[in-house]
Amino acid sequence: MSQKKHIPNHVAIIMDGNGRWAKSRNQLRVVGHKAGLKAVRKVVQHASLIGIKALTLYAFSSENWKRPEQEVSSLMSLFVYALNREAKTLHKNNIRLNIIGDISRFSSQLQAMIADVQSMTLNNTGLVLNIAANYGGRWDITHAIKKIIDKVNNNELLIDDLTEDVVGKELSLHELPAVDLVIRTGGEHRISNFLLWQIAYSEFYFTDILWPDFDLNSFDEAISIFNKRERRFGQVVDC
Ligand code: IPE
Ligand code: IPE
Ligand code: MG
């Protein structure tokens, strides 16, 4: 008898390999990013359907500004296009959209769009979709430290009362279930400054599949592998 699948509460994905996907087809990198957007659409729909509570997608890292200007600007245009096109569908599907990262570096047009979509979907009760844009795990921690220092300076917090819980509450995603599973496509085995604090006890799944080719079967396969893992959280389970 097949065992019932346990659906992870929170899945985070490093969507890597768009450029190589395009290169293998003799196309420009932006063509890979456009194909990547199609994969995002399918994965979001599937996550919502199978009852994942939160999905966090790494779309643009703090370090991705180092790419050629043309690629950065086409990624920004694609972001604007996707927000415009998908906002209503997300809302209709009861999905709450949340952008994590330092959005202050984005154009005022993009910042305004982000604020609009976030407020439109704020009360939705289905999947929480977090898009990490100009996000870095180190930025997240630094940002939290600044907020904590502010609280100490304003006498809202005593240093003696600083616990892991207090720190965690200043970080992105703190209001969501812990990240159960991190998936990275594109064959690299690294974190590339994605979530740091939040993945202390996550399971990792790496696949060579390039992001635009990541489909529902690939997603289900990742969840099946996750189901076979024994999570111990530092304890002894059975010996
Ligand atoms: C990931 O794909 C998307 C972003 C970083 C925006 P890449 O663009 O890194 O694709 P590769 O790794 O060069 O193939
Ligand atoms: C990580 O991919 C960032 C995103 C997927 C948004 P990169 O392609 O930027 O990572 P590195 O440079 O290979 O570490
Ligand atoms: Mg890459």
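Serine 218 has its place in helix α7, where a helix is a DSSP run of H or I with at least four residues, numbered from the N terminus. This is a predicted model, in which local features need pLDDT of at least 70, side-chain atom pairs count only at pLDDT 80 or more, and totals for chains, interfaces and linings use all residues. Residues are numbered from 1 along each chain as its sequence is written, and side-chain values use heavy atoms, with hydrogens and water left out.

**Serine 218**
- Serine 218 is buried, with a relative accessible area of 9% (buried means under 20%, exposed over 50%, partly exposed in between, with a 1.4 Å probe and protein chains only).
- Leaving aside residues up to four places away in sequence, serine 218 touches Ile209 and Asp213, contact meaning heavy atoms within 4.5 Å.

**Helix α2**
- Helix α2 has 22 residues and reaches 32 Å from its first C-alpha to its last, close to the 32 Å expected at 1.5 Å a residue (the expected span is 1.5 Å times one less than the number of residues).
- Among the buried residues of α2 are Gly32, His33, Leu37 and Val44, and what covers the buried residues of this helix includes α3 and α7.
- Just after α2, glycine 51 takes a positive phi of about 90°.

**Helices α2 and α3**
- The axes of α2 (residues 29-50) and α3 (residues 69-92) come within 11 Å and cross at roughly 25°.
- That angle makes α2 roughly parallel to α3, since angles under 35 degrees count as roughly parallel, over 145 as roughly antiparallel, 65 to 115 as roughly perpendicular and the rest as oblique.
- The contact includes Leu37 and Val44 of α2 and Leu75 and Leu78 of α3.

Key. Chains are lettered from A and ligands numbered from 1 in the order in which they are written. Axes are lines fitted to C-alpha atoms, for helices over the stretch in contact, and angles run from 0 to 180 degrees between N-to-C directions. Helices (H or I, at least four residues) and strands (E, at least two) are DSSP runs, numbered from the N terminus.
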